[in-house]
There are 2 protein chains.
Amino acid sequence: MKKHNFYAGPSILSEHTIKSTAAAVENFAGTGLSLLEVSHRSKEFIAVNDEARALVKELLEVPEGYEVLFLGGGASMQFCMLPFNLLEKKAAYLDTGTWASNAIKEAKFFGEVDVVASSKEANYSFIPKGFTVPENVDYFHFTSNNTIFGTQIRHEPDVKVRLTADMSSDIFSRPVDVSKYDVIYAGAQKNLAPAGVTLVIVRKDALGHVSRPIPSMLDYRTHVKKDSMFNTPPVLPVFAALQTLQWYKELGGIAVLEKKNKDKAALLYDEIDRNKLFKGTAVAEDRSLMNVCFVMNEEYKELEEEFSKFATAAGLVGIKGHRSVGGFRASLYNAMPKSSVEALTAAMKEFEKKH
Amino acid sequence: MKKHNFYAGPSILSEHTIKSTAAAVENFAGTGLSLLEVSHRSKEFIAVNDEARALVKELLEVPEGYEVLFLGGGASMQFCMLPFNLLEKKAAYLDTGTWASNAIKEAKFFGEVDVVASSKEANYSFIPKGFTVPENVDYFHFTSNNTIFGTQIRHEPDVKVRLTADMSSDIFSRPVDVSKYDVIYAGAQKNLAPAGVTLVIVRKDALGHVSRPIPSMLDYRTHVKKDSMFNTPPVLPVFAALQTLQWYKELGGIAVLEKKNKDKAALLYDEIDRNKLFKGTAVAEDRSLMNVCFVMNEEYKELEEEFSKFATAAGLVGIKGHRSVGGFRASLYNAMPKSSVEALTAAMKEFEKKH
């Protein structure tokens, strides 16, 4: 049976990425060796690393003065690496969910943190607006897409300080004006690659302004200096990232992906709003195009378990909602075909008919 | 043509590891999804993670009171993570090569470092002996195998302080008495898995004794508490590690591997000592069983480039020595079959006949 992968992350990757990675595990770039056992200093892998970084620059139109890094450790490592490098006295953070809140927790190890706004009291069902970012902070940080709560910030706040963002779950899903940012980071396991690599885009002149000594591995400058090859990079995830980026380019780039994403998300949100059994959990204007969270309407609450089984039987995988929200979550990352969203809406319609 | 993979790392993995990982990239554990796109919270992956950690414990006979972690970031991250967690005032380090020296550099960010001995002046061609480790240090650190210089410490120094070691390039190659150690770490890309995961074995009661605050991701206790799943682990490298560990168990365990490794290394060292064209670079008693470094004898120096081409033509990949030593390096990790070592010695004999 065809499986439809709605996991929140690690999550669906394109067939192109999967097929070409599987082939490289057998024989990488005609070397006669597996991608799993080839030196990162081989000319074949250096070419992969260079091309992947160049394609990130091309697709996101990264301006001069920035460097693109592929680091190990996950976005959670960036929660501490970012303040290690940028927080001298005080930073401002926007609290829009679990990951934003985790980033805040780590920043506090390095200095004062001004949480400019939070929607925690409303179980993060909306994006706070109208907040002010003080001008005396070292930087402002926000999470562009909240995987768990299904909210998204599609236009960066207009601030007068350095701007940084965790874009783990919506990078490459929409055009971003990188020139407004000093640091963008993203765990790869949503729109880029399998788990094990984190993309970091850093403005070089934002570095070197803190007084604390920084251990080499945690210092962005170390990785910038060594073209992201200071130590052995996660070879396979970087290779897979390149495959995804090549596929994005072939599809026509980020603007094309955004259009597809809007289309897919509208299909599902429309069904949620129409179907008498379900309702969305995020306020409409802040709904994420990547993670669609929904629950059973009050009067149908007892059907939750049954719909869950119904969906599984239809080949819909990974739609259980995070325990913080409950209900369901369908993640519609770039690689998700419209046909899989249609399979989900069809199941919702069919389930509605049964009740 | 059959390729013989002598890379120093990332390096040869067993055919079992490669074939089963390639198969899982197509369809993981019968899920109908690729290993690249499956949630780390799926029951199928949790089983992989648990079994891999249990097999490490079984194969290395890890005693009670220890935890086995699979972390991202590489051994270079451990160079700073270890002192972050264990260095309160002063630590003692043994300087036996490039990686030992890099570990020392990072430890200095956290406290005083007493380098008890170094063979740097002799281009790290031997392991210093007869040194004393002061009893007032928080721990002693050494590198059990020096990949670049081809030396190895097969019996841990007898010290009265906490013992820690970087075993990146010889873990699982020989039995180790884990009970003597407080922390053992190893980048996986030699004897375990593709690049992207680091094995850490930590004695739990060695933690929590430093006064500094430790950011969550850099605190071993965070990962111990969450069974090595605090954040998304590098899924594919962990899966591949499990395949390798299963293969080790099937072969008969670590003692069997050690016997094979001694046998393979003897074959090559004997040829180096016999062949008039070549000589080893490390002193005989400290020779590594994992990385065999050799150069042309003085009177045949000009043949180096020619032998290099001759070896490549014979399918011998990755035998160029590190620039710090020059000449050649053949890495004979666990997965290297004896037949590949024989292919190398045959090429050396044939090249000798030509000259």
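Let me begin with a question: what covers the buried residues of helix 2 of chain B? Before I answer, note that this is a predicted model. The cover includes strand 2 (66–71), strand 10 (198–203) and helix 6 (235–251), each from chain B.

Now the helix itself. Helix 2 of chain B runs over residues 43–59, which is 17 residues. From first C-alpha to last, helix 2 of chain B reaches 24 Å, close to the 24 Å expected at 1.5 Å a residue. The buried residues in helix 2 of chain B are B:F45, B:V48, B:N49, B:A52, B:R53 and B:V56. Looking down the axis of helix 2 of chain B, the buried residues fall within an arc of 120 degrees, so they line one face of the helix. After helix 2 of chain B comes B:E61, and its phi is positive, near 50 degrees.

Next, the two chains together. How many residues of chain A are in contact with chain B? There are 48 in chain A, and they are in contact with 49 residues of chain B. On the side of chain A that touches chain B, the elements giving two or more residues are helix 1 (15–26), helix 3 (75–86) and helix 6 (235–251) of chain A. Helix 1 of chain A supplies the largest share, 5 residues. Sorted by class, that side of chain A has 26 nonpolar, 18 polar and 4 charged residues.

One residue to look at here is B:P10. B:P10 sits in the loop between strand 1 (4–5) and helix 1 (15–26) of chain B. Is B:P10 buried or exposed? B:P10 counts as buried, because it has 30 C-beta neighbours inside 10 Å, and the cut-off for buried is 20 or more. Leaving aside neighbours within four places in sequence, the contacts of B:P10 include A:E37, A:V38, A:S39, A:H40, A:T232 and A:V235 from chain A. From chain B, B:P10 is in contact with B:Q189, B:P194 and B:A195. The peptide bond between B:G9 and B:P10 is cis, with omega about -5 degrees. In chain A, the bond from A:G9 to A:P10 is cis too, with omega near -5 degrees, and A:P10 is in the loop between strand 1 (4–5) and helix 1 of chain A.

There are also residues other than glycine with positive phi. B:A29, in the loop between helix 1 and helix 2 of chain B, has phi near 50 degrees. B:A29 has 16 C-beta neighbours inside 10 Å and so counts as partly exposed. B:F172 has phi near 70 degrees and is found in the loop between strand 8 (163–166) and strand 9 (183–187) of chain B. B:F172 is buried, with 25 other C-beta atoms within 10 Å.

Then the core. The largest nonpolar core has 235 residues. Those with the most contacts inside that core are A:L199, A:A241, A:L332, B:L199, B:A241 and B:L332. Take A:L199: leaving aside neighbours within four places in sequence, A:L199 is in contact with A:V56, A:F70, A:I171, A:Y185, A:A186, A:A188 and A:L192. In soluble globular proteins, nonpolar side chains tend to be buried together.

The last stop is B:L303. B:L303 has its place in the loop between strand 12 (291–296) and helix 8 (304–313) of chain B. With 18 other C-beta atoms within 10 Å, B:L303 is partly exposed. Beyond neighbours within four places in sequence, B:L303 is in contact with B:L277, B:M296 and B:H355. B:L303 and B:H355 are 52 residues apart along the chain, and their C-alpha atoms are separated by 9.2 Å.

Conventions. Residues numbered from 1 in each chain as written. Chains lettered and ligands numbered in written order. Predicted model: local features only at pLDDT ≥ 70, side-chain atom pairs only at ≥ 80, totals over all residues. Contact = placed C-beta atoms within 7 Å. Helix = DSSP H or I, 4+ residues; strand = E, 2+ residues; numbered from the N terminus. Nonpolar A, V, L, I, M, F, W, Y, C, P; charged D, E, K, R; others polar. Expected span 1.5 Å × (residues − 1). Buried ≥ 20, exposed ≤ 12 C-beta atoms within 10 Å, placed from the backbone. Arc of directions from axis to C-beta. Core = buried A, V, L, I, M, F, W, Y, C linked by C-beta atoms within 7 Å.
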